Amino acid sequence: MPATPTIPSARQRRIARWSVVPLAVVTSGILVSTASYAAFTASTENAANAWQAGSITLADDDSGQALFDASDLQPGSTDEQCIVVTAGGSLPATVALHGEAADSTKDLADHLRLVVESGTGGSAGSCTGFTADARAFSGTLAEFTAQHGDHASGVGSWTTPGGDATKTYRIGYTLAADAPDSTQGGTAGVSFVWEAQTS
C-alpha cells in the first residue's frame, strides 16, 4: 500500500518560500560582480582639431582724398588721376570697381565723359609712369553709375592670388564739347568703390 505523502504545514511552506530569496539575491550579486570585470576596452583619438577663417583686405594710396574736386568746368574741360589699389590677406579674391552715391543736377553727368583704364605704375596725385593694360570703361558718368553699381557689374576686375597684389587705375574725365547751355551750374558726383570678394 503506497505511503501517504506528507503535506507540509502552512508554517513550513512560509519558511521554505522566504529561504529562497537570500539565495537568489546572492546569486544575482555574483553575476553582476563577474560581469563588471568581463569587458575588454580599446580607444583611439584624433586630438587638437582647430579651424581658422582666411581673410581678404583692400586699400588704396589716396590718403582719404577725392580723386577729383573740380569746379568752373566748361565744355572741353578735362583731367585725369591715378590711384593704386592694394589687395592683401590669405585668400584669392576678385576686385572690381563700381560707383555708389551718384547724383547729378541739370543732366551734367550725361555730358561728362569718363574713361577708366587699369595697369601699372603711377600713384595717387600723379600718373607719371602709368602703363595701361586694359580699358575698363568708356562712356558718360551717367552710364557708369547706371550700369556699374555693384561688385557683380563692376569694371576693371582682376583676381588676386592671396597675399599682396596691386593694380593702378587711371580715371579721366572730359566735359563734352557739345554740352548744352542747360548744364551751366550743374553738378555731378560719385564715389568710386573698389570691392574684393572671395572667388
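**Entry 1**

I began with β4 and β5, which run antiparallel and are joined by eight bridges. Helices (H or I, at least four residues) and strands (E, at least two) are DSSP runs, numbered from the N terminus. I counted two strands as paired if DSSP finds at least two bridges between them. In this pair, Thr-120 stands opposite Thr-131 in β5.

This is a predicted model, so I noted the limits: local features need pLDDT of at least 70, side-chain atom pairs count only at pLDDT 80 or more, and totals for chains, interfaces and linings use all residues. Residues are numbered from 1 along each chain as its sequence is written, and side-chain values use heavy atoms, with hydrogens and water left out.

Next I followed β4 to β7. They pair in the antiparallel sense, over eight bridges. Val-115 has Gly-172 in β7 as its bridge partner.

I then looked up the whole sheet. It is open, with five strands in the order β1-β2-β7-β4-β5 and antiparallel pairing. Which strands stand at the edges? They are β1 (56-60) and β5 (131-140); each has a single partner strand, so one side of each is left without a neighbour in the sheet. Neighbouring strands here are turned by 20 degrees against each other on average, direction ignored. For such angles, axes are lines fitted to C-alpha atoms (for helices over the stretch in contact), and values run from 0 to 180 degrees between N-to-C directions.

**Entry 2: the three-strand sheet**

I found an open sheet of three strands in the order β6-β3-β8, with antiparallel pairing. β6 (155-160) and β8 (188-198) stand at its edges with a single partner strand each, so one side of each has no neighbour in the sheet. The twist from one strand to the next averages 25 degrees.

I checked one pairing in detail. β3 (residues 93-104) and β6 pair in the antiparallel sense over four bridges. Thr-94 stands opposite Thr-159 in β6.

**Entry 3: the core**

I looked up the largest nonpolar core and found 26 residues. A nonpolar core is a set of buried Ala, Val, Leu, Ile, Met, Phe, Trp, Tyr and Cys residues joined through side-chain atoms within 4.5 Å. Buried means under 20% relative accessible area, exposed over 50%, and partly exposed in between (1.4 Å probe, protein chains only). Leu-114, Phe-192 and Trp-194 have the most contacts inside this core.

Which elements each supply at least two residues? I listed β2 (78-89), β3, β4 (112-120), α2 (141-147), β6, β7 (165-175) and β8. The largest share, five residues, comes from β7.

I then took Phe-192 and skipped residues up to four places away in sequence. Phe-192 touches Leu-67, Phe-68, Leu-97, His-98, Leu-114, Phe-144 and Ile-171. Contact means heavy atoms within 4.5 Å.

**Entry 4: aromatic pairs**

How many aromatic pairs are there in the whole structure? My search finds four. Rings of Phe, Tyr and Trp (its six-membered ring) pair if their centres lie within 6.5 Å; planes under 30 degrees apart count as stacked, over 60 as edge-to-face and the rest as tilted.

Phe-137 and Phe-144 form an edge-to-face pair, at 5.2 Å centre to centre and 65 degrees between the planes. Both residues, Phe-137 and Phe-144, are buried. Ring pairs link Phe-137, Phe-144 and Phe-192 into a cluster.

**Entry 5: backbone and single residues**

Most residues other than glycine have a negative phi. Asp-72 has a positive phi of about 55 degrees although it is not a glycine. Asp-72 is found in the loop between β1 and β2. Buried or exposed? Asp-72 is exposed, with a relative accessible area of 76%.

Asp-107 also has a positive phi, near 60 degrees. Asp-107 lies in the loop between β3 and β4.

Gln-147 counts as partly exposed, at 45% relative accessibility. Gln-147 and Gly-99 are 48 residues apart in sequence and 9.0 Å apart in space, C-alpha to C-alpha.

**Entry 6: confidence**

I checked pLDDT, the predictor's confidence in each residue from 0 to 100. The chain averages 88, and 81% of the residues score at least 70. Over residues 18-28, pLDDT stays under 50. For residues 18-28 the model has zero contacts beyond four places in sequence.
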